[in-house]
Amino acid sequence: MGEIRNSREYGSFRSSVSQKKVVVDDDDSKVWTMYDAGPRNVKCPLVCLPPVSGTADVFFRQIMALSGLGYRVIALQYPVYWSLQEWIDGFRKLLDHLQLDKIHIFGASLGGFLGQKFAEATYKSPRVHSMILCNAFSDTTVFQQTTTAPTFWLMPAFMLKKMVMGNFTQGMTEPAIADSVDFLVECMDSLPQSELASRLTLNCQNASVDGEKIKQLPVTILDVFDESALSTSVKEELYKCYPNSKRAHLKSGGNFPYVSRSAEVNLYIQIHLRDFHGTRFSAIDPDMITDADREAIKQKLETDGAEANSE
């Protein structure tokens, strides 16, 4: 068993945050697995969407740290959906079930792509208020698997896992990054063949994000400078989709910085979400906002008011 899964920190998470199973489709086999931590009076929470290899557990360090500060954090694990439209419809039903009109998304890799596609699909009646995209992409053709994607459902689990693991950081690497890879491999091993095949299908079937529809959304793009599965050109394409986005760069962190560099990632999440403190789209309990945050909100309101008066 890996260092993280065997740690007291992870054990504390599993014992203190209950896992829930939710069915929102007519098909009872389509089960969303989720953790919902933090104050329920928050109606615009942070929703974390995992990569191909991840379960909802991969965000345990965000759940523990941020919910302890008063944020409501929901981490999800997807049922088996074979098309983007199916996933979008299922996610919309889940938000309706949870009585959430608006959310902030933290999307990792595939989770970032799905979050963008959901925001694009609902742009006329927005359900996404902002996004944090971590090692994400905007076009699936970069994986050069669009022709083989329709056959993934036939492949045995070991072949699918080999495909995914080919993108993981290889060779010598620092312990925190190595531990994060081990943890994600363990999470992937817990996924049945159908879940892994459906995620890879969503990840690789020919699709791209229409940035024009959602470029006005507040977006923070979080990526790493060291070795990861995404090339520089893929990152540049994402930047082009969101020319006004904030950039959060980590010197290192590998493919899974929310595990290996959780303290830094959590700080960037707080900086992103602070812009919405004091509004109905706040992801934090109003009673948990610090005096420093209140002062920052006051200054922002004064600045926004001055800019509006000058126009």
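Colleague: At what angle do α5 and helix α6 (residues 175-189) pack?

Modeller: This is a predicted model: local features need pLDDT of at least 70, side-chain atom pairs count only at pLDDT 80 or more, and totals for chains, interfaces and linings use all residues. Residues are numbered from 1 along each chain as its sequence is written, and side-chain values use heavy atoms, without hydrogens and water. Axes are lines fitted to C-alpha atoms, for helices over the stretch in contact, with angles from 0 to 180 degrees between N-to-C directions. The axes of α5 and α6 lie 11 Å apart, at an angle of about 155°.

Colleague: Is α5 parallel or antiparallel to α6?

Modeller: Angles under 35 degrees count as roughly parallel, over 145 as roughly antiparallel, 65 to 115 as roughly perpendicular and the rest as oblique. The α5/α6 angle is about 155°. That makes α5, relative to α6, roughly antiparallel.

Colleague: Which residues of α6 does α5 meet?

Modeller: Contact means heavy atoms within 4.5 Å. From α5 come Lys-161, Val-164 and Met-165. Their partners in α6 are Val-185, Met-188 and Asp-189.

Colleague: Which residues of helix α7 (residues 193-204) meet α5?

Modeller: The α5 and α7 axes are 10 Å apart, at about 45°. So α5 is oblique to α7. Ala-157, Leu-160, Lys-161, Met-163 and Val-164 of α5 meet, in α7, Gln-193, Leu-196, Ala-197 and Leu-200.

Colleague: Which α4 residues make the contact with α3?

Modeller: Helix α3 (residues 84-97) and helix α4 (residues 110-121) have axes 10 Å apart, at about 75°. That makes α3 roughly perpendicular to α4. On the α3 side are Leu-84, Trp-87, Ile-88, Phe-91, Arg-92 and Leu-95. The α4 side is Phe-113, Leu-114, Lys-117, Phe-118 and Ala-121.

Colleague: How many salt bridges does a search of the whole structure find?

Modeller: A salt bridge is a side-chain nitrogen of Lys or Arg within 4 Å of a carboxyl oxygen of Asp or Glu. The Asp-36 and Arg-72 side chains form one, at 2.8 Å from N to O. The search of the whole structure gives a count of 15.

Colleague: How many residues apart in sequence are the parts that Asp-36 and Arg-72 tie together?

Modeller: Helices (H or I, at least four residues) and strands (E, at least two) are DSSP runs, numbered from the N terminus. Asp-36 lies in strand β2 (residues 31-37). Arg-72 is in the loop between α2 (60-68) and β4 (73-77), so the separation is 36 residues.
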